[in-house]
Amino acid sequence: MIIPQHVAIILDGNGRWAKAKGMPRNYGHVQGAKNVEVVCRAAHEMGIRYLTVYAFSTENWSRPSDEVAALMKLLKSYLSTCKKTAKKNNMRVRVIGDREGLDPEFRRQILELEEATKDYDGLNFIVALNYGSRDEILRAVQKIAVQIRAGEVSPDDISPELFEASLDTAGIPAPDLLIRTSGEQRLSNFLLWQLAYAEFYFTPVPWPDFDGKELQKAVEAYNDRDRRYGGVKG
């Protein structure tokens, strides 16, 4: 079986999962956060090298203020424990997204986590936090515009490689497989450039119930696809 090098996941369905159990939405988010380690471990055991999860989007700020506050508290708590988890699992952690929209303490916490795990060579775990692909693309264009204004590059120098080097995901291979849980079938402003050639897998299973067996199903479905690039099967 061919194992995708990079899997990206839109973590969806926490709130609906909790509601179905008669619990508040925040309970679903807590259980969803716990499930991240389960899937990280399963991905590593399968031989997946990169795993990117959509944890908090730029659009999530429009949710009710109490839910946003609870999510931020949960994310901070998760990142604080992630350092121990990463050490135990030899996992490198990186965060993509607009960090300027986060409070200074949160940004410091992210930098410390990335620095502490930078030399681990197991699973590469990427967390999309305050991330929106349109925002990322605009920021990349702005970076290139600054370089042009400074005379560092010319408009003729702009290439896919230069553009990709200006994205948050610079140095990270594009995803081979996108998974979205809980039945929705849309990208929701996630990795629009990077997913250009990815296979998509949509499952009705909500994120808190998405385990190693469900990941295996997604990879098996990926293997059933006839992937061709320029007439060559990938």
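**Helix 3 and its two neighbours**

Author: Helix 3 and helix 4 cross in a left-handed manner; a crossing has this hand if the near helix is turned anticlockwise from the far one by less than a right angle, and is right-handed if clockwise. Helices (H or I, at least four residues) and strands (E, at least two) are DSSP runs, numbered from the N terminus. The model is a predicted one, in which local features need pLDDT of at least 70 and side-chain atom pairs count only at pLDDT 80 or more, while totals for chains, interfaces and linings use all residues. Residues are numbered from 1 along each chain as its sequence is written, and side-chain values use heavy atoms, with hydrogens and water left out.

Two packed helices are described by the angle between their axes and the distance between the axes. For helix 3 and helix 4 the angle is about 20° and the axes are 10 Å apart, which makes the two helices roughly parallel. Here axes are lines fitted to C-alpha atoms, for helices over the stretch in contact, and angles run from 0 to 180 degrees between N-to-C directions; those under 35 degrees count as roughly parallel, over 145 as roughly antiparallel, 65 to 115 as roughly perpendicular and the rest as oblique. Helix 3 contributes M72, L75, K76, L79, S80, C82, K83 and A86 to this contact, and helix 4 contributes F106, Q109, I110, E112, L113, A116 and T117, contact meaning heavy atoms within 4.5 Å. By class, these residues are nine nonpolar, three polar and three charged. Ala, Val, Leu, Ile, Met, Phe, Trp, Tyr, Cys and Pro count as nonpolar, Asp, Glu, Lys and Arg as charged, and the others, Gly among them, as polar.

K76, one of the residues in that contact, also forms a salt bridge with D103 (2.7 Å, N to O). D103 lies in the loop between strand 3 (92-96) and helix 4 and K76 in helix 3, so the pair links parts 27 residues apart in sequence. A salt bridge is a side-chain nitrogen of Lys or Arg within 4 Å of a carboxyl oxygen of Asp or Glu. At 31% relative accessibility D103 is partly exposed, as is K76 at 29%; buried means under 20% relative accessible area, exposed over 50%, and partly exposed in between (1.4 Å probe, protein chains only).

E112, from the helix 4 side of the contact, meets R108 in a salt bridge (2.3 Å, N to O). Both lie in helix 4, four residues apart, about one turn of the helix.

Helix 3 (residues 65-89) also packs with helix 2 (residues 25-46), at an angle of about 15° and with axes 10 Å apart. That makes helix 2 roughly parallel to helix 3. Here the crossing is right-handed. The contact involves R25, N26, H29, V30, A33, V36 and E37 of helix 2 and E67, A70, L71, L74, Y78, T85, K88 and N89 of helix 3. Seven of its residues are nonpolar, four polar and four charged.

Two of these contact residues, E67 and R25, are joined by a salt bridge between their side chains (3.1 Å, N to O). E67 lies in helix 3 and R25 in helix 2, so this pair ties together parts 42 residues apart in sequence. E67 is buried at 7% relative accessibility, whereas R25 is partly exposed at 39%.
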